[in-house]
Amino acid sequence: MKIGVIADDFTGATDIAGFLVAGGLATTQMIGVPGADAVVEAEAVVISLKSRSNPAGQAVADSLAALDWLRARGCAQVYQKYCSTFDSTAEGNIGPVADALMAALGTDITVICPALPVNGRSVYLGHLFVGEALLQDSGMRDHPITPMRDSSLIRLMEAQAQGRCGLVAASSVDQGVEAVRARIAALRTEGVRYVVLDAISDAHLDVLGQAVRDMALVTGGSGLGLGIARAVADGAAAQAQDAGAPLPGPGVVISGSCSQMTNRQVAAYRAVAPTREVDVARCLDDADAHGAELARWVLDQPQDGPAPMITATATPDQLRQIQSRHGSAASEAVERTFAAAARALAQGGITRFVVAGGETSGSVTQALEVTGFAIGPQIAPGVPWVRALNRPLSLALKSGNFGAQGFFLDCQPKGVRA
Ligand SMILES: Nc1ncnc2c1ncn2[C@@H]1O[C@H](COP(=O)(O)OP(=O)(O)OP(=O)(O)O)[C@@H](O)[C@H]1O
Ligand SMILES: O=C(O)[C@@H](O)C(=O)CO
C-alpha cells in the first residue's frame with residue numbers, strides 16, 4: 001500500500017479518496033477501522049473516522065488504532081486528513097493526533113497543508129484563506145463547535161501540539177521540489193517539528209507532492225493528497241473509477257447540513273424536486289417513527305423525475321431558534337431520524353443516496369451498515385460517487401460547503417438532468 005489515510009470525518013474521507021483516484025491511485029475507503037482479518041487490495045486506503053469533534057484523547061486512540069491497521073499492511077506513507085478549513089482551535093485534536101502519529105512512526109517532522117485551491121482554500125505565508133477572506137473573517141468564525149478566530153496555521157499548531165512550527169513559503173515552492181526539500185531539511189536541523197506548506201494553486205500542490213512523497217507522515221486537506229498521488233501513481237485509476245460508478249435505480253436526497261452553500265443548494269433543488277421538511281419536534285419525540293414516515297413519503301413519490309428530497313437544512317436564524325429551544329439534543333435527534341429513514345429507504349429499494357453534511361453522512365452511512373466504498377467519478381471537486389463494498393448502494397457524500405448551487409441536480413441520472 002502506497003498511502004494510508006486516517007480521515008477525521010466521512011465526507012472528508014470521500015473527498016480525499018476522490019482526489020487520490022483523480023491523481024491516479026486505485027483507492028478504497030473503509031468505514032471505521034476494519035477488522036484485523038479484512039483484506040483490502042488497493043494502492044491507497046482511506047480509513048474514515050468520526051473524530052473531528054472528539055476530545056483529543058479519544059481522537060488519538062482512534063487514530064492510533066487506524067495506524068496499527070495500516071502498518072500491519074505495509075503502508076509506505078501515512079496521511080492525517082483534516083478539514084480544508086482546519087476546524088481545530090487550541091483545544092482541538094489535530095496537533096495531539098499529529099504528535100501521537102509522529103511518536104508511533106518514530107519521525108520528528110511532518111507537514112501541515114490544508115490547502116485545496118480548486119475549492120478556494122489557499123495557504124499563503126502560513127495563513128489560511130477561504131476564498132478571498134482570511135479564515136478568521138470567513139463563516140468559520142462562527143462555527144458552532146470550532147469557531148476559527150485565528151488564520152495563522154503556525155500559531156494554531158503551536159497552541160495545540162508539542163513543538164515548534166515553521167513555514168515553507170510560496171516563494172520557495174515556486175523554486176521547485178529541491179528548494180522545498182532543502183527548506184524542510186533546514187527547518188528540521190533547527191528543531192522545528194511541523195512545517196506549514198504554502199499552496200495557492202494546483203501547480204504548487206504538484207511541487208509539494210513530489211517534495212514530500214517520501215515522508216513517513218504528512219497532514220493536510222485533500223489537495224496535498226492529489227499532489228502526492230500524481231507523484232507516486234503508476235496509472236491504475238481508470239479501473240478504480242469504474243468500480244465506483246453510480247448504480248442505476250431510484251434515489252433520494254437527504255440534506256442535514258445547514259451551511260450557507262447547502263442552504264442555496266436546497267433552495268435550488270426544492271424548485272424542481274418533490275421536497276419534504278423534517279419536523280424537528282417529531283424527531284425529538286420519536287426519531288424512528290418520524291424517519292419511517294419520511295421514508296414512506298419518499299417511496300410514494302414518482303421516480304421518473306429528480307429524486308425526492310428530505311431536508312432539515314435551516315438558515316442560521318432558524319437554527320439559533322431551534323438550538324435555544326432544544327439545545328444540542330435537536331441535532332442528535334435529526335441525525336437519528338435520518339438514520340432511521342435511510343434504513344427504511346434501503347429496505348424499500350432506494351439505491352442512490354445523495355447526502356449533505358459530514359455528521360449527517362456519518363449517520364446515514366453507519367445506518368446503512370456499509371463496510372467500505374469503491375471510489376467513482378467526481379460530481380464536483382471533493383465529492384465523488386462511492387459504491388458500497390458489501391451491498392448494491394451508491395452514495396454521494398457532500399461536505400457542507402462543497403459543490404455548486406445545482407449540485408443535487410448534478411447527481412441525477414443524465415436523462416433527468418437534461
Ligand atoms: N433543522 C435542524 N435543527 C437542528 N439541527 C439540525 C437541523 N438540521 C440539521 N441539523 C444538524 O446539524 C448538524 C449538521 O452537521 P453536518 O456535519 O451534517 O453538516 P455540515 O457541518 O454543514 O457539514 P460538514 O461537516 O461537511 O461541513 C447535524 O448534526 C444535523 O443533524
Ligand atoms: O477538507 C474539506 O474541506 C472536507 O473534506 C471536509 O473535511 C469537510 O468536512
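This is a predicted model: local features need pLDDT of at least 70, side-chain atom pairs count only at pLDDT 80 or more; totals for chains, interfaces and linings use all residues.
Student: Let's start with ligand 1. How many residues surround ligand 1?
Tutor: Good place to begin! The closest residues are Ser257, Ala312, Gly357, Gly358 and Gly400. They belong to a shell whose members divide into eight nonpolar, 13 polar and two charged. The number of residues surrounding ligand 1 is 23.

Student: Which helix gives the largest share of the shell around ligand 1?
Tutor: Three helices each supply at least two residues of that shell: α12 (316–326), α13 (329–347) and α14 (358–367). The largest share is four residues. The helix that supplies this share is α13.

Student: And ligand 2? Which helix gives the largest share of its shell?
Tutor: Let's look at the shell before naming the helix. The residues around ligand 2 include Asp9, Thr11, Gly12, Asp15, Cys83, Ser84 and Thr85. By class, the shell has one nonpolar, nine polar and two charged residues. The largest share, three residues, comes from α1.

Student: Let's zoom in on Val364. Is Val364 buried or exposed?
Tutor: Val364 sits in helix α14. Leaving aside neighbours within four places in sequence, Val364 is in contact with Ile254, Phe338, Ala339, Ala342, Phe353 and Val355. Val364 has 27 C-beta neighbours inside 10 Å, so Val364 counts as buried.

Student: How far apart in space are Val364 and Ala66?
Tutor: Two separations can be given for this pair, one in sequence and one in space. In sequence, Val364 and Ala66 are 298 residues apart. In space, taken from C-alpha to C-alpha, the distance is 21 Å.

Student: What comes after α14? Is Glu369 buried or exposed?
Tutor: Glu369 follows α14, and its place is in the loop between α14 and β16 (372–380). Its phi is near 55°, which is a positive value in a residue other than glycine. Glu369 has 12 other C-beta atoms within 10 Å, so Glu369 is exposed.

Student: Now some helix pairs. Is the crossing of α6 and α7 left-handed or right-handed?
Tutor: Helix α6 (residues 177–189) and helix α7 (residues 202–212) pack at an angle of about 55°, with their axes 8 Å apart. That angle is why α6 is called oblique to α7. The handedness of the crossing of α6 and α7 is right-handed.

Student: Which residues of α6 make that contact?
Tutor: On the α7 side, the contact uses Val207, Leu208, Gln210 and Ala211. Counting the residues of both helices, the contact divides into five nonpolar, one polar and one charged. From α6, the contact residues are Val177, Val180 and Arg181.

Student: How many nonpolar residues are in the contact of α2 with α3?
Tutor: The axes of helix α2 (residues 56–71) and helix α3 (residues 94–105) come within 9 Å and cross at roughly 35°. Ala56, Ala59, Val60, Ser63, Leu64 and Leu67 in α2 meet Pro96, Val97, Ala100, Leu101 and Ala104 in α3. Besides one polar and no charged residue, the number of nonpolar residues is ten.

Methods:
Residues are numbered from 1 along each chain as its sequence is written. Chains are lettered from A and ligands numbered from 1 in the order in which they are written. A residue is near a molecule or strand if its C-beta atom, placed from the backbone, lies within 6 Å of it. Ala, Val, Leu, Ile, Met, Phe, Trp, Tyr, Cys and Pro count as nonpolar, Asp, Glu, Lys and Arg as charged, and the others, Gly among them, as polar. Axes are lines fitted to C-alpha atoms, for helices over the stretch in contact, and angles run from 0 to 180 degrees between N-to-C directions. Angles under 35 degrees count as roughly parallel, over 145 as roughly antiparallel, 65 to 115 as roughly perpendicular and the rest as oblique. A crossing is left-handed if the near helix is turned anticlockwise from the far one by less than a right angle, and right-handed if clockwise. Two residues are in contact if their C-beta atoms, placed from the backbone, lie within 7 Å. A residue is buried if 20 or more other C-beta atoms lie within 10 Å of its own, exposed if 12 or fewer, and partly exposed in between; C-beta atoms are placed from the backbone.
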